[in-house]
Amino acid sequence: MQADGGIGAALEAVLMVVDEPVSAAELAATLEVPQPEVEHALAALAAEYAAQGRGFELRAVAGGWRFYSRPEFADIVSKYVLEGQTARLTQAALETLAVIAYRQPVARSRVAAIRGVNVDSVVKTLVTRGLIEDVGNDPESGAILYQTTSYFLERLGIGSAEDLPRLSPHLPGLDELEAIDGAY
């Protein structure tokens, strides 16, 4: 079995779903095992993947651990992401896209405030996929403003953002959105 038996497999399962590096302490708490065991298993897994010459590697970065594509495959991965990506958008991406579509042009900080989470990587993904674009800066704050693209409209089969379905006036939190609007 892989590094330290079940610990290695459990670490792989958790690390497969993370969006940002996770510390050994967090992993130890999740697996309910001592941190030194987790640190040993992480190092063993990283060495095992490197020795096997896999297409991915386990790296310790930014105070945590995460899977990354190996640098020698950067061109292939870039080609797939930029040209061949057919995967559906994540829930986070769909929510962010909806906020931008209904509030455009909108700053990333405003989208983050509405969603209640950091949206930096999701915005990057939406820009990369051509669904949103930078349309300049907010004159007051200097923040970059985003709006949907013609490609987004084409994919939805509508002519303009005005053709988006109207939000129900009975949605919970509509009053809070208006208050957030005034804060930015």
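**The sheet and its surroundings**

Reply: In strand 5, the residue that stands opposite Glu133 is Gln147. The model is a predicted one, in which local features need pLDDT of at least 70 and side-chain atom pairs count only at pLDDT 80 or more, while totals for chains, interfaces and linings use all residues. Residues are numbered from 1 along each chain as its sequence is written, and side-chain values use heavy atoms, with hydrogens and water left out.

Strands and helices are DSSP runs numbered from the N terminus: a strand (E) has at least two residues and a helix (H or I) at least four. Two strands pair if DSSP finds at least two bridges between them. Strand 4 (residues 132–137) is joined to strand 5 by 4 bridges, and the two run antiparallel. Asp134 stands opposite Tyr146 of strand 5. In a regular strand, side chains alternate between the two faces of the sheet.

Strand 4 and strand 5 form a hairpin, with 6 residues between them. Gly142, in the turn of this hairpin, has a positive phi of about 80°.

Strand 5 (residues 144–148) is also joined to strand 3 (residues 106–107), by 2 bridges, and this pairing is antiparallel. Here Ala107 has Leu145 of strand 5 as its bridge partner.

Pro105 lies in the loop between helix 5 (91–103) and strand 3, and the peptide bond from Gln104 to Pro105 is cis, with omega near -10°. Ser150, in helix 8 (residues 150–156), is 17 residues from Glu133 in sequence and 9.8 Å from it in space, C-alpha to C-alpha. Ser150 counts as exposed because its relative accessibility is 59%; exposed means over 50% relative accessible area, buried under 20%, and partly exposed in between (1.4 Å probe, protein chains only).

The account now turns to the nonpolar cores. A nonpolar core is a set of buried Ala, Val, Leu, Ile, Met, Phe, Trp, Tyr and Cys residues joined through side-chain atoms within 4.5 Å. The largest one has 18 residues, and Leu11, Leu15, Leu27, Val38, Leu42, Leu58 and Trp65 have the most contacts inside it. The elements that give two or more residues to this core are helix 1 (6–15), helix 2 (24–31), helix 3 (35–52) and strand 2 (64–69). Helix 3 gives the most, with 6 residues. Leaving aside neighbours within four places in sequence, Leu42 is in contact (heavy atoms within 4.5 Å) with Leu11, Leu15, Ala24, Leu27, Leu58 and Trp65. A second, separate core has 17 residues, and Tyr146 is among them, along with Leu97, Ile100 and Val122. In soluble globular proteins, nonpolar side chains tend to be buried together.

Rings of Phe, Tyr and Trp (its six-membered ring) pair if their centres lie within 6.5 Å; planes under 30 degrees apart count as stacked, over 60 as edge-to-face and the rest as tilted. The structure holds 3 aromatic pairs. One of them, Tyr49 with Phe67, is tilted, at 5.8 Å centre to centre and with 50° between the planes. The pair links distant parts of the chain, Tyr49 being in helix 3 and Phe67 in strand 2, 18 residues apart. Tyr49 is buried because its relative accessible area is 1%, and Phe67 is buried because its value is 15%. Together with Phe56, Tyr49 and Phe67 form one aromatic cluster.

A charge sits over a ring if NZ of Lys or CZ of Arg is within 6 Å of the ring centre and within 35 degrees of the ring normal. Arg59 lies over the face of Tyr68, at 4.3 Å from the ring centre, and Arg66 lies over the face of Tyr68 at 5.3 Å. The C-alpha atom of Arg66 is separated by 7.3 Å from that of Val18, 48 residues away along the chain. Val18 has its place in the loop between helix 1 and helix 2 and counts as buried, because its relative accessibility is 17%.
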